[in-house]
Amino acid sequence: MEYTKQEFMAIITGREIKDGELIILGVGLSMLAGYFARFNHAPNLKPFTEGGIYGATPVGGLPWGIECNRLSANATSFTNAIDALGFLVLSGRADNAVIGAAQVDKYGNVNTTGIWDEPPWKTGHYNPPKVRLNGSGGASDISVGCKRYLIMASHEKRRFMDRVDYISSVGFLRGGDSREKCGFIGGGPAAIISTLGILRPDPQTKEFYLEAYYPSTSVEEVRENTGWDLKVSPDVKMVPEPTEEELKNLRAVDTTGSLRKKG
Amino acid sequence: MQNKLLSIQEAVANYTWDGMTYCNGAALPVGSCSIAFGKEMVKQKRKNLNVICHCGSQQVNLLAAVGAMDRVEVAFSGLEVYGFAAGLNRAVTSGKTLIEDYSNGAMALRFFGGAMNWPFVPTNVCICNDQQWCSADYPDEYPCERKVPEITDPFTGKKYGALRTLKPDVAAIHVTMADIYGNAIMMGTEWNRFEMSRAAKKVVLVADKIVHTDCIRQYPNLVRIISEVVDAVVYWPYASWPQASPGLYDSDEEHMFYMNKMMKTQEDTDEYCAQWVNNWDSHEEYMALIGKDKIEKISQTETAFLMDPYRKWILSDAEIRELQDRAKE
């Protein structure tokens, strides 16, 4: 069965989601990965959005936004941001989340705010960016509060950096115990799922290393597309291809084929 | 209780001014937002606005695109699957609009703190990252220590941040339905509308439907915005268009992309405004502009059943016109 890189990434991310988890999902790939997991292997998953939509399953295709009527059509509760992002996320209660990244660095810090020729941490000035992105939304709250979370990103050298231009959502900062010193209640990023492979943080240094790569690529190709000297697990594995069952379950969520239009 | 119905033109004339701190609700990029009110602000040529919103929405995209916004405090400035907000991004990268970034959770806490009349709220988010270290208000201080200053928990000695709380001059809040006194019920999530309605110095509701107060008395638990804090009620069906209003209409997919594309350049923004913002006065003209077919299409929403319990209390246009006339007396 044919599939796109984006579909594979959503399935790999979904495999990381466990049944029964209280999970906060964002728009796009995040929601697809989460609802795929619920269809596929996690029927008791408890997904919610940052504005406080609970108990909903998308109808009519990928929602245009987290408050899209495609999701509001069958909710069990509508609450608010203080509840969803405060009581359930910043409090440390939510188990898992999936966030996206325009840039991610070797310690799992995520930038979704802007791109600079010379970033603020280099110049000591906060000038307007060359390209404005979206800002963090609730991902910054997720990075602080969720017990763990997953980062999805397109694997390119310009996106996988030694240090991101701007930290919108905190990973392990500069590695080692630097995150711990900030006193965050959440555990930090558990994995970076890219279009080429799966990266995990080293337990001591917190630097992300390559744990597994996709059948369509190689260790060399992943390293070439990474902006830092990517370490490779001695037991590096090839990720098993998606099964027909998995693709069927993903497409049951992505009924409008948004993941099949790209790459 | 006072009948607070007001035309959109009068509401903008009476409750907005140049240089004000303006807050739009729910400020959802795809969902509920008081967009028609923002368009009327553009028509009345408001400028130098300081805008506060947790998310961008097409309203903020437009206010930025026309150059009406000097500064914005925001957590998410995009339009979700509809893309980056082209007008806002143009204003930010050119330096016309200063942007102060927070997280969505932090914005909720800041409204809550404003509603409590507190000077600050402690925070465990927007610390140890660039939302703390980068400030558009103090661009030469990096890492900035004045935007989210470090504070110490007096009980444990642990370090937190202090978020400045929000008390905007005026909040224009979109609601699904309200009575003429300003009691409102919202379908879909509230986001920060509950806190925002208590934090703002003045509150204008922009309602898709006007209901009889019997409806309010039937579901008092659902009435999260109360007449006690509301100054004016604007009746404006499809006020959130081209975005959605749960229970009533979906987002207008075609227009969402088109509008954002037009916000990319000043020239196209001017053209867009000539056709879609400055080209109506009455609600009939506004509806004619959207078009009958489009109205029919977006109104066929999967969420329509949410309105079932309330239908018998929804007032007709004729009844509302009479009440609007009476409000002027």
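Tutor: Domain bounds, on which any distance between domains rests, come from an automatic or database domain assignment. Keep in mind, too, that this is a predicted model.

Student: How is chain B divided into domains, and how far apart do the C-alpha centres of domain 1 and domain 2 of chain B lie?

Tutor: Domain 1 of chain B takes in residues 8–101 together with 168–323, while domain 2 of chain B covers 121–164; their C-alpha centres are 32 Å apart. Contact between these domains involves four residues of domain 1 of chain B and four residues of domain 2 of chain B, and on the domain 1 side these comprise two nonpolar, no polar and two charged residues.

Student: How should I read the packing of helix H1 and helix H2 of chain B?

Tutor: Angles of 65 to 115 degrees count as roughly perpendicular. In chain B, helix H1 (residues 8–15) and helix H2 (residues 35–43) meet at an angle of about 65°, their axes being 10 Å apart, and H1(B) and H2(B) are therefore roughly perpendicular to each other. Their crossing is right-handed. On the H1(B) side the contact is made by Ile8(B), Gln9(B) and Val12(B), and on the H2(B) side by Ala36(B), Phe37(B), Glu40(B) and Met41(B); by class, these residues are five nonpolar, one polar and one charged.

Student: How many residues does each chain bring to the contact between chain B and chain A, and which helix of chain B supplies the largest share of its side?

Tutor: Chain B brings 55 residues and chain A brings 53 residues. Helices H4 (86–93), H5 (104–115), H6 (130–133) and H7 (193–199) of chain B each provide at least two residues of the side facing chain A, with the largest share, five residues, coming from H5(B). That side of chain B consists of 25 nonpolar, 20 polar and ten charged residues.

Student: Where are cis peptide bonds found in chain B?

Tutor: One joins Gly25(B) and Ala26(B), with omega about 0°, and Ala26(B) sits in the loop between strand E1 (21–25) and H2 of chain B. Another runs from Tyr142(B) to Pro143(B), with omega near -5°; Pro143(B) belongs to the loop between H6 and strand E6 (150–152) of chain B.

Student: Trp191(B) has a positive phi; is this residue buried or exposed?

Tutor: A residue is buried if 20 or more other C-beta atoms lie within 10 Å of its own. Trp191(B), whose phi is near 50°, lies in the loop between strand E9 (184–185) and H7 of chain B, and because 33 other C-beta atoms lie within 10 Å, Trp191(B) is buried.

Terms used: Residues numbered from 1 in each chain as written. Chains lettered and ligands numbered in written order. Predicted model: local features only at pLDDT ≥ 70, side-chain atom pairs only at ≥ 80, totals over all residues. Contact = placed C-beta atoms within 7 Å. Nonpolar A, V, L, I, M, F, W, Y, C, P; charged D, E, K, R; others polar. Axes fitted to C-alpha atoms, helices over the stretch in contact; angles between N-to-C directions. Helix = DSSP H or I, 4+ residues; strand = E, 2+ residues; numbered from the N terminus. Parallel < 35°, antiparallel > 145°, perpendicular 65-115°, else oblique. Left-handed = near helix turned anticlockwise from the far one by under 90°. Buried ≥ 20, exposed ≤ 12 C-beta atoms within 10 Å, placed from the backbone.
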